[in-house]
Amino acid sequence: MRDMPCAPAAEHNSQPILEVLRHEFRTVSSVLEVGSGTGQHAVAFAAELVHLEWQTSDLDENHAGIRLWLAHAGLANVRPPLLLDVGTSGMLPLHYDAVFSANTAHIMNLHEVEKMFGLVSSALRSDGVFCLYGPLREGGDFNAVSNAEFDESLRRRDPAMGIRDIEQLDDFASTGAMKRVRRYAMPANNMLVVWRKYRSGERRDDT
Ligand SMILES: C[S@@+](CC[C@H](N)C(=O)[O-])C[C@H]1O[C@@H](n2cnc3c(N)ncnc32)[C@H](O)[C@@H]1O
């Protein structure tokens with residue numbers, strides 16, 4: 001375990017996220033994770049959801065840590081990290097059943113968040129789902145004082161960071177032919193939101 005990066009938040013939130021993914025990914029085979037961070041989530045989820053092929057990705061600076069976690073876990077169903085910077089990446093010519101990302105939307109700037117939704121759409125097969133976990137605002141409001149304070153601290157660190165509005169993410173999703181289908185309230189005032197990519201020929205008001 002020595003030298004392996006450790007994110008305490010990822011340790012704490014893995015179990016509740018896993019319970020949602022057990023349901024959302026029950027018929028899924030391939031998952032792309034955007035912004036895998038330390039790689040702890042990938043290892044925790046792939047170890048339990050053995051029917052999945054889990055593809056990690058992140059900026060180059062996190063690859064060494066992700067590889068350490070993957071080597072330690074020795075799981076056959078997790079792939080070494082792709083280099084994926086959503087700000088600069090071209091469309092992904094790949095077809096995943098699902099995309100997962102945790103605690104990325106408030107770290108990326110808004111343009112990158114918008115690009116992430118475009119990339120997710122390009123990476124998803126039709127009817128595939130995008131599960132995004134993290135703090136979000138809804139109806140213009142923070143759901144807890146602690147999230148308002150967290151938002152302030154993010155913006156002090158970098159004015160381009162900040163907790164995003166779920167309605168704005170819905171707009172980005174809609175541009176990528178995706179529609180919000182579920183929203184789970186998670187511990188510590190986080191949310192896990194699920195958007196589904198339309199099937200080809202599906203009318204947008206059909207769902
Ligand atoms: C707060 S960490 C979350 C890491 C991990 N998902 C977790 O929940 O523990 C934010 C992650 O977003 C990644 N990230 C930031 N900007 C990015 C970008 N432009 N493209 C892809 N990943 C990015 C960071 O490298 C980092 O891994």
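**A strand residue and its surroundings**

A: Let's start with D127, which is partly exposed, with a relative accessible area of 28%. Keep in mind that this is a predicted model.

Q: Why does D127 count as partly exposed?
A: Its relative accessible area is 28%. Buried means under 20% and exposed means over 50%, so a value in between is called partly exposed.

Q: Where does D127 lie?
A: D127 lies in strand β5.

Q: How far apart are the C-alpha atoms of D127 and A98?
A: They are separated by 9.1 Å. Along the chain, D127 and A98 are 29 residues apart.

Q: What about N13, buried or exposed?
A: N13 is buried, with a relative accessible area of 8%. N13 lies in helix α1.

Q: And how far is the C-alpha atom of N13 from that of Y133?
A: The two are separated by 9.8 Å. N13 and Y133 are 120 residues apart along the chain.

Q: Which residues of α5 are buried?
A: N147, D151 and L154 are the buried residues of α5. Looking down the axis of α5, they fall within an arc of 65°, so they line one face of the helix.

Q: And which exposed residues does the face turned away from the buried side of α5 carry?
A: That face of α5 carries V145, E149, E152 and R156.

Q: Now α3. Which residues are buried there?
A: In helix α3, residues 63-73, the buried ones are H63, G65, I66, W69 and L70. They cover an arc of only 165° around the axis, which puts them on the same side of α3.

Q: Which residues are exposed on the other side of α3?
A: A64 and A71 are exposed there.

Q: Let's do rings. How many aromatic pairs does the structure hold?
A: It holds 8 aromatic pairs. One of them is formed by W54 and F100. This pair is tilted, with 5.7 Å centre to centre and 55° between the planes.

Q: Which parts of the chain does that pair link?
A: Distant ones. W54 is in strand β2, residues 53-58, and F100 is in strand β4, residues 96-102. The two residues are 46 residues apart.

Q: Are those two buried or exposed?
A: W54 is buried, and F100 is buried too.

Q: Which residues do ring pairs link into a cluster?
A: F25, F45, W54 and F100.

Q: Which residue lies over the face of F142?
A: R137 does, at 5.2 Å from the ring centre.

Q: How many cavities of 30 Å³ or more does a search of the whole structure find?
A: It finds 1. The largest cavity has a volume of about 50 Å³.

Q: Which residues line the largest cavity?
A: N103, T104, A105, H106, L132, Y133, G134, P135 and L136 line it. Strand β5, residues 124-134, gives the largest share of that lining, with 3 residues.

Q: Last topic: phi angles. What is the phi of A188?
A: A188 has a positive phi of about 60°, although it is not a glycine.

Q: Where is A188 found?
A: In the loop between β8 (178-186) and β9 (190-197). A188 counts as exposed, at 59% relative accessibility.

Q: What about N189?
A: Phi of N189 is near 60°, also positive in a residue other than glycine. N189 is found in the loop between β8 and β9. At 32% relative accessibility, N189 counts as partly exposed.

Methods
Residues are numbered from 1 along each chain as its sequence is written. This is a predicted model: local features need pLDDT of at least 70, side-chain atom pairs count only at pLDDT 80 or more; totals for chains, interfaces and linings use all residues. Side-chain values use heavy atoms; hydrogens and water are left out. Buried means under 20% relative accessible area, exposed over 50%, partly exposed in between (1.4 Å probe, protein chains only). Helices (H or I, at least four residues) and strands (E, at least two) are DSSP runs, numbered from the N terminus. The arc is that of the directions from the helix axis to the C-beta atoms. Rings of Phe, Tyr and Trp (its six-membered ring) pair if their centres lie within 6.5 Å; planes under 30 degrees apart count as stacked, over 60 as edge-to-face and the rest as tilted. A charge sits over a ring if NZ of Lys or CZ of Arg is within 6 Å of the ring centre and within 35 degrees of the ring normal. On a 1 Å grid over the protein atoms alone, a cavity is a set of points where a 1.4 Å probe fits but cannot get out, and a pocket is an open set with protein on both sides within 12 Å along at least five of seven lines; lining residues have an atom within 4 Å of a point. Grid points are joined across faces, edges and corners, and a volume is the space filled by probe spheres set on the points.
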